[in-house]
Amino acid sequence: MKASVLVGVDGSASSLQALTWAAQEATLRGTPLRIVYAALRWAYDVPLVPQPAHWGPAVETAARNLLGQAAERARAHAPTAEITTEIIDGAAAESIAAAAQDAQLIVVGSRGRGGFAGLLLGSVSRDLATRAPCPVVVAGPPHPTGGRGGDAEIVAGVLGHPDQDPVLEFAFGEAALRGVALRAVHAWTHPALRAPGDMQPLVIDLDSVGQEEARLLAESIGGWRQKFPDVPLIEHVVHGHPAKALIDASESAGLVVVGAPRRAWAPGSTVHALLHHAHAPVAVVH
């Protein structure tokens, strides 16, 4: 059996949007869709302090009803996909990460039911972005200027580092699945250092540095262009902060793909800004 697309739901509007995205993705990939609901359950004869919210037959029935409704919604968007539902034990981020050991992709909403109304990003999506064993897509409510549907391009943030191959492989693969263009965005604020010990110049010639950064981008994606010759490629070099460049590019995107280190305490500044402000779903790839 192919590894599944796993989506976490909790009944919030954000998680339902994530469910729709995950169902469509499972269809594109030809993989099963696994819908999970995370719950803190415990044995009644084991005292815990503080006590978790009460878990009993009524709460379990409500959770299973929620999963049933989620499965119906998913079938409307992925009628040919194999769909399963499951209640998993534990706090949401930890239990979803554990359940996804054999998954190829995790999809979650940007903010669940437990979040504060003023927060754009919930703790579950933030924590999963740093600890998940596979790529994580954070799909929030539709933005009025972004996520234009199946014909929207894929945007990838390219640093020019050799360890970014997993990011580029995921981005090119998503563009190939959808038959859309890939926009490779490389933003710079200072000239790239090519070797250890290099020093930044005191005066920067923007034109010449821009040409060098464009060469760096071309070198970074050259091999992937050959592996995915049918994917239309747009090379986009920006003098500015990577977060702003990617947020701006997300206005015409169906998905933004960005890299992040695994097991960090929190996402880097660029990933954090994207998860808060992107106009389209964001895929975080380690």
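Visitor: At what angle do helix α1 and helix α5 pack, and how far apart are their axes?
Guide: Helix α1 (residues 13-29) and helix α5 (residues 165-178) pack at about 80°, and their axes are 10 Å apart. Axes here are lines fitted to C-alpha atoms, for helices over the stretch in contact, and angles run from 0 to 180 degrees between N-to-C directions. Before going on: this is a predicted model, where local features need pLDDT of at least 70 and side-chain atom pairs count only at pLDDT 80 or more, while totals for chains, interfaces and linings use all residues. Residues are numbered from 1 along each chain as its sequence is written, and side-chain values use heavy atoms, with hydrogens and water left out.

Visitor: What do you call that arrangement of α1 and α5?
Guide: Roughly perpendicular, therefore, for α1 and α5. The cut-offs are 65 to 115 degrees for roughly perpendicular, under 35 for roughly parallel, over 145 for roughly antiparallel, and oblique for the rest.

Visitor: Which residues meet there, α1 to α5?
Guide: Trp21, Glu25, Leu28 and Arg29 from α1 meet Phe170, Glu174, Leu177 and Arg178 from α5. Contact means heavy atoms within 4.5 Å. By class, the α1 and α5 contact splits into four nonpolar, no polar and four charged residues. Nonpolar covers Ala, Val, Leu, Ile, Met, Phe, Trp, Tyr, Cys and Pro, charged covers Asp, Glu, Lys and Arg, and the others, Gly among them, are polar.

Visitor: OK, α3 and α4 next. How do their axes cross?
Guide: Helix α3 (residues 92-99) and helix α4 (residues 123-131) have axes that come within 9 Å and cross at roughly 40°. α3 and α4 are therefore oblique to each other.

Visitor: And who touches whom between α3 and α4?
Guide: On the α3 side you have Ala92, Ala93, Glu94, Ile96 and Ala97, and on the α4 side Val124, Asp127, Leu128 and Arg131. That α3 and α4 contact holds six nonpolar, no polar and three charged residues.

Visitor: Which residues of α3 are buried?
Guide: Ala93, Ser95, Ile96, Ala97 and Ala99. Buried means under 20% relative accessible area, exposed is over 50%, and partly exposed is in between, using a 1.4 Å probe and protein chains only. Those buried α3 residues pack against α4 and against strands β1 (5-8), β2 (33-39), β3 (83-89) and β4 (105-108).

Visitor: Switching topic: where does Val136 sit?
Guide: Val136 is in strand β5 (residues 136-138). With 0% relative accessibility, Val136 counts as buried. Apart from neighbours within four places in sequence, Val136 contacts Ile106, Val108, Leu128, Val282, Ala283 and Val284.

Visitor: How far is Val136 from Val282?
Guide: Their C-alpha atoms are separated by 8.1 Å, although Val136 and Val282 are 146 residues apart along the chain.

Visitor: Is Arg75 buried or partly exposed?
Guide: Arg75 counts as partly exposed, at 45% relative accessibility. Arg75 belongs to helix α2 (residues 57-77). Its C-alpha is 9.9 Å from that of Leu33, 42 residues away in sequence.

Visitor: What's buried in α8?
Guide: In helix α8 (residues 269-277), that's Thr270, Val271, Ala273, Leu274 and Leu275. The buried α8 residues pack against α4, β5, α7 (242-249), β9 (253-259) and β10 (282-285).

Visitor: Last one: how many helices and strands does the chain have?
Guide: Eight helices and ten strands. They are DSSP runs numbered from the N terminus, helices being H or I with at least four residues and strands E with at least two. Of the chain's 286 residues, 47% count as buried.
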